[in-house]
Amino acid sequence: MPRVLDDSEIDDRMSGAEMREWRRDGNVLRRTIEAHDFPTVVRMLERIVVDTQRLDRRPDIDIRGGVVHFTLYSDAGLTDVKEAS
């Protein structure tokens, strides 16, 4: 079972370049991406599905035109994806 991270660990990981587009609100991570057309949105989602399945994550995804909102959350707390892979 993946280990739940404490606030200092989450803050440290959120400071990395790969997380610069994400926002944290408690146990929720959010990101919004804009694409110039719907086929680009579909290609983005294909990659995200592969990555999240590999990490055993299930994001909420909301598509409005070319704007995609992603939400990752856990009632138990944010966990270490390295241990989940």
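**Notebook: contacts, sheet and helices**

I began with the contacts in the protein chain (heavy atoms within 4.5 Å), and found that, of those with a separation of 6 or more, 58% are accounted for by residues 24 or more positions apart. I note that this is a predicted model, in which local features need pLDDT of at least 70 and side-chain atom pairs count only at pLDDT 80 or more, while totals for chains, interfaces and linings use all residues. Residues are numbered from 1 along each chain as its sequence is written, and side-chain values use heavy atoms, with hydrogens and water left out.

**Elements**

I listed three helices and four strands in the protein chain, taking both as DSSP runs numbered from the N terminus (helices H or I, at least four residues; strands E, at least two). Read along the sequence, they give the pattern α-β-β-α-β-β-α.

**Sheet**

I then traced the pairing, for which DSSP must find at least two bridges between two strands, and I read an open, antiparallel sheet of four strands in the order β1-β2-β4-β3. β1 (23-25) and β3 (60-64) are the edge strands, and because each has a single partner strand, one side of each is left without a neighbour in the sheet.

Between β2 and β4, which run antiparallel, I found seven bridges, and Arg-31 has Phe-70 in β4 as its bridge partner. Five bridges join β3 to β4 (residues 67-73), again antiparallel; here I looked up Asp-60, which stands opposite Thr-71, and Arg-64, which stands opposite Val-67. These two strands form a hairpin with two residues between them, and in the turn I noted Gly-65 with a positive phi of about 65 degrees.

**Helices on the sheet**

Helix α1 (residues 7-14) packs on the sheet and touches β1 and β2 (28-34), its direction making about 165 degrees with that of β1. Helix α2 (residues 38-54) also packs on the sheet, where I found it touching β2, β3 and β4, with about 20 degrees between its direction and that of β4.

**Whole chain**

Last, I recorded that the C-alpha trace spans about 40 × 25 × 20 Å along its principal axes, and that 28% of the 85 residues count as buried, that is, under 20% relative accessible area with a 1.4 Å probe, protein chains only.

Definitions and conventions
Axes are lines fitted to C-alpha atoms, for helices over the stretch in contact, and angles run from 0 to 180 degrees between N-to-C directions. Buried means under 20% relative accessible area, exposed over 50%, partly exposed in between (1.4 Å probe, protein chains only).
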